[in-house]
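Student: I would like to understand how the words used for a structure follow from their definitions. Could we take them one at a time?

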Amino acid sequence: MPKSNYCLIDPDGGPLKVRVTANNGIRSGSIFVLWELQNGKWEKKEKFNVITGDDGVDEFILLEKPNEIENDSLAWSINACSSIPNVLRGEFSITVIQDGKNRWTKQSSRLVPKCSDGKQLKFGNHVIFKHLINDNFSTSDLWKDTE
Amino acid sequence: MERHRISYLLLISFITLIGYSQDSELPVDNQGAYAFKLDYNVPESPAFAVLDANPTTIMRASTPQEIITQLASNFLSGNEVSPGLAFDFNPYFAFGGRLKSVKEYRNSYGKRFLANLQLSIATINSMDFPDDLLFSGGLRATLFDSKDLIFDEELGKDIDNALLPDTDPGPMNSDDAGTVVDNPALKQAYINAKTRYMEKAGGSLALGYAIAGRARDNSFKTDSIVTYRHQAWLVGQYDFGKSGMSINGMIMYRYEQTPQATDNDGFISGIALRKYGQKLILSAEAYHNSITESIDFGGYAEAYLIPSITLFVSLKKETNAITGDEDVILKPGIKWNFSQAKK
């Protein structure tokens, strides 16, 4: 799994907010599911419908506390299409926010089909939550600890 | 014929360039490279208008629908007008312009103006200048359109509902490249929107400018290329709603230089009545041309029977701009609208 699929969060911090954006008048509808691994089996814990709509943005807050979320997977499936006649491409972003800080962001520029053609672009991915050891640790501190 | 092959090749190269300016990365696509579509109430190409290649003179004022290429041909009639090719595109998005959201389109007149600009280039063979290659460029701006589909909030909601996935993503879901798939609910949303569009009364206003040139003796040397026509126009349209009737009024200033007369200028003004059906559009127009000092009229039928192809026939009383001869001309033909954007 690439490192970009890990989201480092503060276990003692505030709740996690997830924001989804799509620009250029692209419309998107998506489902986000929070999965927890219990006894070797993935269990569904939370589910959210996310529609970016006219504003191009939507967000939700995970109910699960950050200190109980380590190794959980947040997975999503997004359908999108272009509603503006001359638009062929748009930028998408998914951001995990905690206490006003962007903990993790995934941005992509994608070609999208026209809604009027009855076609949609379907894509998805997931991110695994990991606890930050220390919000302010530096590499030199880490070496000191090792020594 | 050789010069037309060259000009078509130049246009097709340009189309490809513009297409790739937005298409630098291709996602996985299971739908094929191209999809074809013909939309409803597509405004005429400004570049065709200045070459008199449109079958009608009085133009529409509605919002342009998408990037289109029109291949117009009167080959069915076998008369002396040869095929022409026009490529229309939106310069704002083609060259990197962005919109924040649908709400910004609705609330910002400036962004909406830019998003609906229509830039076009065309080439055509004409018996007016049998030894020359004719080419043109034009720009069209929609000043106002009360029937703009982007303002249809019901359509927005229908699209949003149609886009919600049917199944939950698995914990290790990984489909970052994505695939383009059919969604019948989206098609239904647009069928419903089209019905609302046709039944809604409303108006639109558009402004255009176009310039036509000719390469004398097919030479592209600097001293062989001359401009022979400029025109600017304002066109208004009002749709009456459920009756499917529409009225268009246009005033156009035209300046032209012909081998017979230099510095001709004047106004072309007139009205057109159109009846919109699901598969057939009928129209009649009458206009005054102060350059030829004539009143001309015509009838026009446009059929949408085959996807991406418009069959048309027009019957017009015209006064030849070069010779001044009056004639009633029957022009059956075909328009091929295709767009590359369905990857």
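Tutor: Two residues are in contact if their C-beta atoms, placed from the backbone, lie within 7 Å. By that rule, 48 residues of chain A are in contact with 51 residues of chain B. This is a predicted model, in which local features need pLDDT of at least 70 and side-chain atom pairs 80 or more, while totals for chains, interfaces and linings use all residues. Residues are numbered from 1 along each chain as its sequence is written, and chains are lettered from A.

Student: What makes strand 9 of chain A and strand 5 of chain B a pair?

Tutor: Strands are DSSP runs of E, at least two residues long, numbered from the N terminus, and two of them pair if DSSP finds at least two bridges between them. Strand 9 of chain A and strand 5 (residues 175-182) of chain B have five bridges in the antiparallel sense, so they meet the definition of a pair. Within strand 5 of chain B, B:Val180 is the bridge partner of A:Leu121.

Student: Why is the set that includes A:Phe32 and B:Ile159 called a nonpolar core?

Tutor: A nonpolar core is a set of buried Ala, Val, Leu, Ile, Met, Phe, Trp, Tyr and Cys residues joined through C-beta atoms within 7 Å, where buried means that 20 or more other C-beta atoms lie within 10 Å of a residue's own. The largest such core has 51 residues, and A:Phe32 and B:Ile159 are among those with the most contacts inside it. Apart from that core lies another of 31 residues, including B:Ala47 and B:Leu134.

Student: How much of chain A is buried?

Tutor: Buried residues make up 48% of the 147 residues in chain A.

Key:
Helices (H or I, at least four residues) and strands (E, at least two) are DSSP runs, numbered from the N terminus. A residue is buried if 20 or more other C-beta atoms lie within 10 Å of its own, exposed if 12 or fewer, and partly exposed in between; C-beta atoms are placed from the backbone.
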